[in-house]
Amino acid sequence: MTLNELNQLDDNAAYDWFEASCAAERWVNAMVNGRPYKSAADVYSYAVEVWESLTESDYRQAFEAHPMIGDVNSLRAKFANTKDTAASEQQGTAVASEETLQALYTLNHEYLNKHGFIFIICATGLSADTMLQALQTRLPNDTVSELDNAAAEQIKITLLRLTKGLSAPTQEPSS
């Protein structure tokens with residue numbers, strides 16, 4: 001998608017495009033309504049500005065669109081539009097040992113039970129062991145701190161997705 005193409009999308013198509021980067025409805029609406037953007041840098045800076053203006057409930061809505069680390073199949077029914085993206089981002093879990101995967105599964109559920117939302121980490125380029133270490137480190141934190149940590153990770157994820165989306169070639173209609 002080019003910046004020009006993004007600016008020219010109808011609102012529904014733009015909503016779908018932005019929602020693939022972050023599922024917080026207020027963020028998506030603000031990004032759609034923020035068009036036209038003059039540059040990709042404007043898209044990214046506005047994305048951060050809007051994200052920082054949101055509430056805890058908005059953050060939690062964004063978090064709900066993520067699978068647990070290592071549980072990409074949970075996207076199939078509810079989050080089909082981000083399944084491939086999340087699978088790619090979590091590719092470090094594909095080569096993990098069974099022990100690491102089991103520890104991720106167990107600690108992810110402990111984290112969810114403690115904090116009320118899943119463990120969010122910008123997993124791109126991270127091994128399963130690195131993600132597990134981060135989870136082990138963050139699990140003891142209080143929920144307010146973890147909400148801040150997760151929100152910081154979410155905007156990293158969002159910016160990566162926006163960057164990939166604006167770099168992706170558009171598909172030509174088949175003739």
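The buried residues of helix H5 are Asp58, Tyr59, Ala62 and Phe63, where buried denotes under 20% relative accessible area, exposed over 50% and partly exposed in between (1.4 Å probe, protein chains only). Viewed along the axis of H5, these buried residues fall within an arc of 140 degrees, so they line one face of the helix; the arc is that of the directions from the helix axis to the C-beta atoms. An α-helix has 3.6 residues a turn, so residues three or four places apart point the same way. The cover over the buried residues of H5 includes H3, H4 and H10.

The structure is a predicted model, in which local features need pLDDT of at least 70 and side-chain atom pairs count only at pLDDT 80 or more, while totals for chains, interfaces and linings use all residues. Residues are numbered from 1 along each chain as its sequence is written, and side-chain values use heavy atoms, with hydrogens and water left out.

The secondary structure of the chain consists of ten helices and zero strands; helices (H or I, at least four residues) and strands (E, at least two) are DSSP runs, numbered from the N terminus. Of the 175 residues in the chain, 42% are buried. Among contacts (heavy atoms within 4.5 Å) with a separation of 6 or more, 67% are between residues 24 or more positions apart. The chain exposes about 9300 Å², and carbon and sulfur atoms supply 50% of this area, as given by the Shrake-Rupley method with a 1.4 Å probe; for residues, only the protein chains shown count as cover.

The largest nonpolar core has 46 residues, of which Phe18, Trp27, Met31, Val43 and Trp51 touch the most other members. A nonpolar core is a set of buried Ala, Val, Leu, Ile, Met, Phe, Trp, Tyr and Cys residues joined through side-chain atoms within 4.5 Å. Elements giving two or more residues to this core include H1 (3-8), H2 (11-19), H5 (56-64) and H10 (143-167). H10 supplies the largest share, seven residues. Beyond its neighbours within four places in sequence, Phe18 contacts Leu6, Trp27, Val28, Met31, Val32, Arg35, Tyr37, Val43 and Leu162.

Ile155 is found in helix H10 and is buried, with a relative accessible area of 12%. Apart from residues up to four places away in sequence, Ile155 touches Ala47, Val48 and Trp51. The C-alpha atoms of Ile155 and Tyr59 are separated by 9.9 Å, although these residues are 96 residues apart along the chain.
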